[in-house]
Amino acid sequence: MPNRSHHNARHIAMNLLRKRGLKHSSANVAMAPSTAPTSHIIAVMDCLTLLRGLPSGSIQLVVCDPPYNINVASWDDRAQYVDWAGQWLSEVERVLAPSGNLVIFGGLQYQGEAGSGDLVSLIGWMRAHANMRLANLIIWNYPNGLGAHRFFANRHEEIAWFAKSPKYYFDLDAVRSKLDVLRLERYKRDKRLNPDNLDKGINPTNVWRIPRLNGNSRERVGHPTQKPKQLIERLVRALSYPESTVLDFFAGSGVTSRVAIETRRHSVSADVDSMFPTYFRRHLDQIDGGGLLPKDYVLIDPADWTAHPLFRTASQAAASP
Ligand SMILES: C[S@@+](CC[C@H](N)C(=O)[O-])C[C@H]1O[C@@H](n2cnc3c(N)ncnc32)[C@H](O)[C@@H]1O
C-alpha cells in the first residue's frame, strides 16, 4: 500500500486553493480553517434510520463500535447478525466521502453463542460485499484487564481500518510519537533516517498501548463499555481533518462527538439507548468546565438536522442558490 502520509491537512487545503484558482499565499487568509463553531447532532435513534437519512459522500470518518451480543438485540443466529451488520456496512460505504475512512472495533475471539458476531465476520462481509480496502488492522493493547485460569489473560482488542478509495485521507504527522532525547540522538546518528521526520516524531505503528478506563477513571460517564478518549482521538486526528464530519451510530457514551468537539470536527452521533444524551451531557460538563469555559461548538436539535448544511453533499450545495 502506498504511503499516504503526505495527504495531510495542509496539502488538502493547498489543493483546494488550486482547484478554486487561488495560489497559496498569506493573502488567502480567508481560506484558512474558520473559527466558526462546529456542529454536532446527538440523536436517540436506530443506526439504520439515521444512516438512511444521510446524503451520499457526506462523511469523512465513521467510528463504529458495534454491539456483538445477542442478549441486547432480536436476531437469533450468527447469519442474521451478519445480515443486519451488512445493512449498516453498505450504508457506511454510501455515506463516506471518497477520502473517507471506517474504523470497526471488536475482538477476534468468537465465542460461538447463537446470534453473536465478531470482527472476523464483519471483515468477511466487507471482503465479500464492499469495495473498500483494509488499510490496517490496529491492535489496541491495554495493560489492565481481567485475569484468567484456563487461557492467557486477554490484553488486546482489534480495530479494522477500511479506506473508501485509494484517495483516502491519512495524516501521519498529526499522530506521530515523540522520541525522548536519548532515543532522538541515537536515531539521528543513523544516516538512513530523515532527521526532520525524527524531530516530528515516529510512526506510532499499528500496535497502540493505551490503558482501558478503570471503574474509577475521571473520564467515565456511566456507559459500561466506554472507550478511552486517547484511543478515539488518535483515530480522529489521523483519519479526518478539521471541519470534516465524523459519524458514530453506536455512540454509547458519545465519546466520538466529545473528541470531535475538542479537535474541531463536526459530528453526528446516535444510539438507541435513551440514556445516551445523559452520558453525553457528562462529557460536555468535562469539556465546558461546568459552564465556565467559552463554547466553540453548537448542538443541533435532531428535528432540524435534515435542513442543516452539514448534510448537504457537494452537488446539493452547488445546486442551491
Ligand atoms: C459497544 S457500545 C459503544 C460504546 C462507545 N464506543 C463508547 O465508547 O462510549 C455499542 C452501543 O450500540 C448501541 N446499539 C445497539 N443496537 C443499536 C442500534 N440498532 N442502533 C443504534 N445503537 C445501537 C448500544 O446501546 C450501545 O450503547
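The largest nonpolar core of this predicted model comprises 38 residues, of which Val-62, Trp-88, Leu-102, Ile-104, Leu-247 and Phe-249 have the most contacts inside it. A nonpolar core is here a set of buried Ala, Val, Leu, Ile, Met, Phe, Trp, Tyr and Cys residues joined through side-chain atoms within 4.5 Å; buried denotes under 20% relative accessible area, exposed over 50%, and partly exposed the range in between (1.4 Å probe, protein chains only). Two or more residues are given to this core by each of β1, α2 (47-52), β2, α3 (78-95), β3, α4 (119-129), β5 and β8, and the largest share, eight residues, comes from α3. Helices (H or I, at least four residues) and strands (E, at least two) are DSSP runs numbered from the N terminus. When residues up to four places away in sequence are not counted, Val-62 touches Val-92, Leu-96, Asn-101, Leu-102, Val-103, Leu-247 and Phe-249, contact being defined as heavy atoms within 4.5 Å. Another core, of 26 residues, lies apart from the largest one and includes Tyr-142, Trp-161, Ala-163 and Val-255.

The model is predicted, and local features need pLDDT of at least 70, side-chain atom pairs count only at pLDDT 80 or more, and totals for chains, interfaces and linings use all residues. Residues are numbered from 1 along each chain as its sequence is written, and side-chain values use heavy atoms, with hydrogens and water left out.

Nine strands form an open sheet of mixed pairing, in the order β6-β4-β5-β3-β2-β7-β8-β1-β9; two strands pair if DSSP finds at least two bridges between them. The edge strands, β6 (207-209) and β9 (297-300), each pair on one side only. On average, neighbouring strands of this sheet are turned by 20° against each other, direction ignored. Strands β4 (residues 133-141) and β5 (residues 156-163) run antiparallel and are joined by eight bridges, with Ile-139 standing opposite Glu-158 in β5. Helix α7 (residues 229-239) packs on the sheet, where it touches β2 (59-64), β3 (96-106), β4, β5 and β6, and its direction makes about 160° with that of β3. Helix α9 (residues 276-288) also packs on the sheet, touching β1 (38-44), β8 (266-271) and β9, and its direction makes about 170° with that of β9. Axes are lines fitted to C-alpha atoms, for helices over the stretch in contact, and angles run from 0 to 180 degrees between N-to-C directions.

Helix α8 (residues 255-263) is mostly covered, eight of its nine residues being buried. These are Val-255, Thr-256, Ser-257, Arg-258, Val-259, Ala-260, Ile-261 and Thr-263. Arg-264 follows α8 and is found in the loop between α8 and β8; its phi is near 65°, a positive value in a residue other than glycine. Phi of Thr-205 is likewise positive, near 65°, and Thr-205 is placed in the loop between α6 (195-200) and β6. Thr-205 is partly exposed, with a relative accessible area of 46%.

The ligand is surrounded by 19 residues, the closest being Asp-46, Asp-65, Lys-227, Ser-253 and Asp-271; a residue is near a molecule if one of its heavy atoms lies within 4 Å of it. An oxygen atom of the ligand is 2.7 Å from a polar backbone atom of Lys-227, and an oxygen atom of the ligand is 2.7 Å from an N or O atom in the side chain of Ser-253. For His-223, a polar side-chain atom lies 2.9 Å from a ligand oxygen atom.

Terms used
A polar contact is a pair of N or O atoms within 3.5 Å; within protein, one must be able to donate a hydrogen and the other to accept it, and residues adjacent in sequence count only if both atoms are side-chain atoms.
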